[in-house]
Amino acid sequence: MEAGAGEAARWIIEQEDELVCQWLYGVLADCGSEAREILDALGPLRENGTDFLGQPRPEALNALRHVCRWALDSRFLPYIAFVPYTCTFRGSPPGQAFFVMSSLDQQRLQQVLEPTVSRRDFEIALTTARFRAVWLAQAYSELRIVRPVLDAPVERDPPRHGRLRDGIVGRAFCEEIAERLMAGQALRRAAGEQTVPAIRAWVTATAAVLDRGLTNDDIGEGLRLVTQGLRFCDWTVPHPVALAGAYLTLGLDYLEKVEKQMPDHIEASGQGSQRAPVIINGNVGAFNSKVTNSSFAVAETIRGIEITVGALDRDGQSDTATALRDLIHAIQQDPALADHRAQLLDHVADVAEAAAEPDRPRALSRARLAMAAITGAAGASAQLAQALTTWQDTLGRLF
């Protein structure tokens with residue numbers, strides 16, 4: 001993931017949250033206006049709601065019944081397009097307690113819904129409805145929406161502890177993760193409303209891959225948590241495609257962290273997959289370096305690297321070719337790496353393959369694992385550490 005992508009994604013979510021809150025405040029303001037309109041409509045009922053015998057006039061009774069139904073329905077925050085928002089009122093804890101209506105007031109309002117209504121019930125219900133409308137008109141103007149409304153996840157690192165499940169081969173599983181990364185990156189580059197369900201499907205499938213491959217279920221659950229805000233794209237948010245893309249970016253960032261941890265998970269599972277060693281003596285190919293411990297040298301591996309490096313040179317990637325040659329030289333020359341020389345040369349071969357074919361996700365996945373292993377070995381080798389430092393930028397661009 002490019003630098004700053006996670007911060008940019010969170011900024012998009014924050015801006016979308018601001019727009020959603022503005023929309024919600026507009027809806028609440030409309031509810032306050034409705035309360036004031038109802039209050040105005042109640043004035044004539046107080047003056048002309050009953051006839052000369054003191055009985056409620058039919059048209060006045062129907063109007064009051066409509067108001068009472070409205071008041072009874074106002075015991076909760078307005079239900080707005082599936083948006084699970086909450087509010088505070090005058091410093092109260094978030095919730096809906098400030099909309100609670102006493103059972104006595106409910107009874108008074110319900111009296112006028114009966115077939116027969118006395119003048120007394122009419123006047124009591126009218127007074128109760130008027131007080132309710134006055135209170136709601138004021139309350140809607142003072143409600144404060146609790147932010148964020150949208151899910152704004154903080155940066156999350158996947159759990160470091162985990163193993164491969166039985167029957168899962170580490171290298172093949174890493175290739176599967178690389179394919180999921182490639183698919184997600186392709187979705188990031190796409191545009192249009194059709195990408196929203198595709199992104200949601202990507203999250204579901206990718207989390208299932210993590211659940212199937214690793215014993216720690218929290219790793220897959222972490223991906224679901226950082227992308228759970230995708231559910232908001234089902235609302236009438238102003239920019240659902242941009243919002244979905246932001247959550248996808250956070251999901252990709254999380255998955256890349258999982259990929260970087262895979263060497264630890266593979267090691268914890270006791271798995272290793274190395275090429276068969278071929279014992280050689282003396283100098284090897286174009287690198288013309290003395291083999292320090294011939295019993296661990298892998299001739300076929302170095303010959304393969306030589307062919308790949310030559311192709312990189314011809315393709316104009318001379319910096320990458322030189323970096324690989326320096327890694328080979330450091331690995332061959334440092335006695336501290338004698339016991340791991342063949343394995344490290346094998347890793348360099350994986351890096352070279354990925355440099356030659358950057359569009360192959362499986363090669364890229366193996367190369368990332370290989371670079372992690374080479375970097376880990378640098379702690380025991382000053383020569384290898386120096387080579388990695390010298391070519392840090394060049395090698396970093398490969399991944």
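**Helices, salt bridges and buried residues**

User: Which helix do E221 and R224 lie in?
Analyst: Both E221 and R224 are in helix 7 (residues 217–226), three residues apart, which is about one turn of the helix. Helices here are DSSP runs of H or I with at least four residues, strands are E runs of at least two, and both are numbered from the N terminus.

User: Where does this model come from?
Analyst: It is a predicted model, in which local features need pLDDT of at least 70 and side-chain atom pairs count only at pLDDT 80 or more, while totals for chains, interfaces and linings use all residues. Residues are numbered from 1 along each chain as its sequence is written, and side-chain values use heavy atoms, with hydrogens and water left out.

User: Back to E221. What does E221 form with R224?
Analyst: E221 forms a salt bridge with R224, and their closest N and O atoms are 3.5 Å apart. The term means a side-chain nitrogen of Lys or Arg within 4 Å of a carboxyl oxygen of Asp or Glu.

User: Why would side chains pair like that?
Analyst: Side chains of opposite charge can pair when their charged atoms come close.

User: What does E221 count as at 36% relative accessibility?
Analyst: E221 counts as partly exposed because its relative accessibility is 36%. R224, at 31%, also counts as partly exposed. The cut-offs are under 20% relative accessible area for buried, over 50% for exposed, and partly exposed in between (1.4 Å probe, protein chains only).

User: How many salt bridges does the structure hold?
Analyst: The structure holds 16 salt bridges. One of them joins R212 and E176, with closest N and O atoms 2.4 Å apart. That pair links distant parts of the chain, since R212 is in helix 6 (residues 195–213) and E176 is in helix 5 (residues 170–189), 36 residues apart. R212 is partly exposed at 39%, and E176 is partly exposed at 24%.

User: What about D313, which residue does it form a salt bridge with?
Analyst: D313 pairs with R325, the closest N and O atoms being 3.0 Å apart. This pair also links distant parts of the chain: D313 is in helix 9 and R325 in helix 10 (residues 318–333), twelve residues apart.

User: And which residues are linked in a network?
Analyst: Salt bridges link E155, D157, D253 and K257 in a network.

User: New topic. Is V348 buried or exposed?
Analyst: V348 has a relative accessible area of 0%, so V348 is buried. It is part of helix 11 (residues 341–356).

User: What does V348 touch?
Analyst: Leaving out residues up to four places away in sequence, V348 touches I305, L324, L327, I328, I331 and I374. Contact means heavy atoms within 4.5 Å. The C-alpha atoms of V348 and I331 are separated by 9.6 Å, and the two residues are 17 apart along the chain.

User: Where is T308 found?
Analyst: T308 is in helix 9 (residues 299–314). T308 is buried, with a relative accessible area of 16%. Residues up to four places away aside, T308 touches A352, E353 and A356.

User: And T394, which helix?
Analyst: T394 lies in helix 14 (residues 392–396) and counts as buried at 9%. Beyond its neighbours within four places in sequence, T394 is in contact with D319, T320 and A323.

User: Last one, how many helices and strands are in the chain?
Analyst: The chain has 14 helices and two strands. Of its 399 residues, 46% are buried.
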